[in-house]
Amino acid sequence: MGDSLRSSVLSLLLGLAVVTGGSLAVGPAQAQDGADFRAYLESLRPRARAMGIRDATLNSVFPSLTPNPRVIQLDQSQPGGGAYSPIPNFEPYRRQHVDAARISRGRVAYQANRARLARIEAETGVPEEIMVAIYGHETNYGSYTGDFDLIRSLATLAHEGRRRALFEPELLATLKMLDNGVPRSRLVGSWAGATGYPQFLPSVYLRVAKDGDGDGRADIWTSEADALASIANYFVQSGWRRGQPWGVAVSVPAGFNRAGVAARTEPARCPRVFNRHSRWLTMAEWRKLGIFPNSGVWPADGMMATLLEPDGPGKTAYLLTSNYRAILDYNCSNFYALSVGLLADAVKQ
């Protein structure tokens, strides 16, 4: 769902010693940092036990766990983007993320999985092509899922403390996955904890992962069936509405009164995302205002939608339904959600 550097030379050297098995001398500050890290891990035992995680599982992990300085570097070097920084146009992003190669690979994945996709769509109402588009956006159809040790990365980020409220629950969720029988070798992914073909955070895996191939396991790392079924389940839990499109590309007439359709409420979450949307109107109301679909085909008159003009007036705009909001729940970015929808449409063609 873009990824300054403040790690000290000593912590980098300690990391190198761990990785290479070297015998660099450990100074007092390093020894103190290591003791503090171990004390932090031990402080998690009561919460882990309350989640049903066995001490044997914790004992198999905690003694050998060390911080990963590279993870701290990556976290602290994330681009800022203040609350009022300019938002670029969508078109360059679209060209990069809905390109010919990704569409072509998506069509291959779509055809290779048609039988299971059709079954999942029949069960959930989530369109086949939406599942494939998420798969393509997150890991380029499984070609790269990340190789960071999740437990080590999340323990490092939680201990560092800057965003402990986010990372500590994900560390505990990863330990729960291990306790549930997920092999440690599977628990790899991005430096920030996303894992598997769908790039779920561990807490999301525990909540939505499904067995799609009937082998009794929810293996989102090697089983496309499990990954696609889990993606669909995510959208079901996010309120996906069967039979409703995510949105439709439209043209807005010159002289359109945008102030007349401006949203009247302040969004509780992702304000930079939702503040760009108009208020909700029915498709029939949008039609009366002079909006018309680029494809010439209107959704049902009573369907509700908001208007988004991601490249400004005079460019392609979109009427977006509640199913678009479900995509935003996966990754709260208009550029991401639009690209998922457009890739899904292109894959199905």
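Trainee: What makes Cys 270 and Cys 332 a disulfide?

Mentor: Their sulfur atoms are 2.2 Å apart. A disulfide is a pair of cysteine sulfur atoms within 2.5 Å, so Cys 270 and Cys 332 form one. The count by this rule comes to one disulfide. Cys 270 lies in the loop between strand 3 and helix 14, and Cys 332 in the loop between helix 16 (322-330) and helix 17 (334-348), so the pair ties together parts 62 residues apart in sequence. The model is predicted: local features need pLDDT of at least 70, side-chain atom pairs count only at pLDDT 80 or more, and totals for chains, interfaces and linings use all residues. Residues are numbered from 1 along each chain as its sequence is written, and side-chain values use heavy atoms, with hydrogens and water left out.

Trainee: Why is Cys 270 called partly exposed?

Mentor: Its relative accessibility is 23%. Buried means under 20% relative accessible area, exposed over 50%, and partly exposed in between (1.4 Å probe, protein chains only). Cys 270 therefore counts as partly exposed. Cys 332, at 21%, is also partly exposed.

Trainee: Is Tyr 141 buried or exposed?

Mentor: Buried, because its relative accessibility is 8%.

Trainee: What makes residues 100-112 helix 7, and how far does helix 7 reach?

Mentor: Helices (H or I, at least four residues) and strands (E, at least two) are DSSP runs, numbered from the N terminus. Helix 7 has 13 residues. From first C-alpha to last, helix 7 reaches 18 Å, close to the 18 Å expected. The expected span is 1.5 Å times one less than the number of residues.

Trainee: Which residues of helix 7 are buried, and how do you know that they line one face?

Mentor: Arg 102, Ile 103, Gly 106, Ala 109 and Tyr 110 are buried. Seen down the axis of helix 7, they fall within an arc of 125°, so they line one face. The arc is that of the directions from the helix axis to the C-beta atoms. On the other side, Ala 100, Val 108, Gln 111 and Ala 112 are exposed. The buried residues pack against helix 6 (91-97), helix 8 (114-124), helix 9 and helix 17, with contact meaning heavy atoms within 4.5 Å.

Trainee: Why is helix 5 called mostly covered?

Mentor: Seven of its eight residues are buried. Among them are Pro 69, Val 71 and Ile 72.

Trainee: How do you know that strand 3 pairs with strand 7?

Mentor: Two strands pair if DSSP finds at least two bridges between them. Strand 3 (residues 247-251) and strand 7 (residues 317-320) are joined by four, and run antiparallel. Ala 249 stands opposite Tyr 318 in strand 7. Strand 3 also pairs with strand 5 (residues 292-293) in the antiparallel sense, over two bridges. There, Val 250 stands opposite Pro 293.

Trainee: What is the order of the five strands in the open sheet, and what makes strand 4 and strand 5 its edges?

Mentor: The order is 4-6-7-3-5, with antiparallel pairing. Strand 4 (281-282) and strand 5 each have a single partner strand, so one side of each is left without a neighbour in the sheet.
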